[in-house]
Amino acid sequence: MSVLIINGPNLNLLGTREPEIYGATTLAEIKSKCLKILQNANLKADFFQSNAEHEIVDQIQAARTNQVSYIIINPAAFTHTSVAIRDAIAAVGIPFIEIHLSNPHSREPFRQHSYFSDLAEGIIAGFGEESYAMACEAVIKKLTH
Ligand code: DQA
């Protein structure tokens, strides 16, 4: 069974991007932690980041062909804007967890609507890099228990 972790725009800048909001950990560090957690549970794992909406749509479409069992997605700013990514994830029908480093509900009003939350199996937000680790653990429970 395999898990795909998808990251949206500007998450490639983690470590230097508004560290008071997003923390000092880089995306590369988050990636290696997630892959370790999932691989230790004998799950295959891929980690993807793009600043381009269509590349994320393409990854989600490919996930069905590649028989991905579960998706963890931090859509970043696309959380609040992207009908295209929402439609892709609805189309493939792969269960997913929506995650955020920050808690968008405690921030600006425009961050308080998500195009993903009503389709997600669950949402984890506000725990910094731990949001990723917690989502990995939740997926392990879903897929292996
Ligand atoms: C984010 C929250 C979004 O509102 C924002 O646009 C991001 C990151 C988070 O992880 O806290 O880029 O998804």
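**View 1. Surroundings of Val57 in the predicted model.** In this predicted model, Val57 touches Ala84, Ile85 and Ala88, leaving out residues up to four places away in sequence. Val57 is found in helix α3, which covers residues 53–65. The relative accessible area of Val57 is 14%, under the 20% limit, and therefore Val57 is buried. Thr26 and Val57 are 31 residues apart in sequence, and their C-alpha atoms are 24 Å apart in space.

**View 2. The largest nonpolar core.** This core has 28 residues. Those with the most contacts inside this core are Val3, Ile5, Leu38, Phe47, Ile72 and Tyr132. Two or more residues are given to this core by each of the elements β1 (2–7), α2 (27–40), β2 (44–49), β3 (70–74), β4 (96–100) and α5 (130–144). The largest share, 7 residues, comes from α5.

**View 3. Contacts of Phe47.** Phe47 is one of the residues with the most contacts inside the largest nonpolar core. When neighbours within four places in sequence are left aside, Phe47 is in contact with Ile5, Asn7, Leu27, Ile30, Lys31, Cys34, Leu35 and Tyr132. Of these partners, Ile5 and Tyr132 are also listed among the residues with the most contacts inside the core.

**View 4. Strand β1 and its two faces.** β1 is mostly covered, with 6 of its 6 residues buried. In a regular strand, side chains alternate between the two faces of the sheet. Ser2, Leu4 and Ile6 point one way from β1. Val3, Ile5 and Asn7 point the other way, and the residues of both sets are all buried.

**View 5. Strand pairing around β1.** β1 pairs with β2 in the parallel sense, over 6 bridges. Within β2, Gln49 is the bridge partner of Asn7. β1 also runs parallel to β3, and 5 bridges join these two strands. Within β3, Ile72 is the bridge partner of Ile5. Both Ile5 and Ile72 are among the residues with the most contacts inside the largest nonpolar core.

**View 6. The largest pocket.** Rolling a probe the size of a water molecule over the atoms shows where empty space is left. The largest pocket has a volume of about 170 Å³. Its lining consists of 16 residues, of which Tyr22, Ala76, His100, Arg107 and Arg111 lie nearest the centre of the pocket. By class, 7 lining residues are nonpolar, 6 are polar and 3 are charged.

Terms used:
Residues are numbered from 1 along each chain as its sequence is written. This is a predicted model: local features need pLDDT of at least 70, side-chain atom pairs count only at pLDDT 80 or more; totals for chains, interfaces and linings use all residues. Side-chain values use heavy atoms; hydrogens and water are left out. A nonpolar core is a set of buried Ala, Val, Leu, Ile, Met, Phe, Trp, Tyr and Cys residues joined through side-chain atoms within 4.5 Å. Buried means under 20% relative accessible area, exposed over 50%, partly exposed in between (1.4 Å probe, protein chains only). Helices (H or I, at least four residues) and strands (E, at least two) are DSSP runs, numbered from the N terminus. Contact means heavy atoms within 4.5 Å. Two strands pair if DSSP finds at least two bridges between them. On a 1 Å grid over the protein atoms alone, a cavity is a set of points where a 1.4 Å probe fits but cannot get out, and a pocket is an open set with protein on both sides within 12 Å along at least five of seven lines; lining residues have an atom within 4 Å of a point. Grid points are joined across faces, edges and corners, and a volume is the space filled by probe spheres set on the points. Ala, Val, Leu, Ile, Met, Phe, Trp, Tyr, Cys and Pro count as nonpolar, Asp, Glu, Lys and Arg as charged, and the others, Gly among them, as polar.
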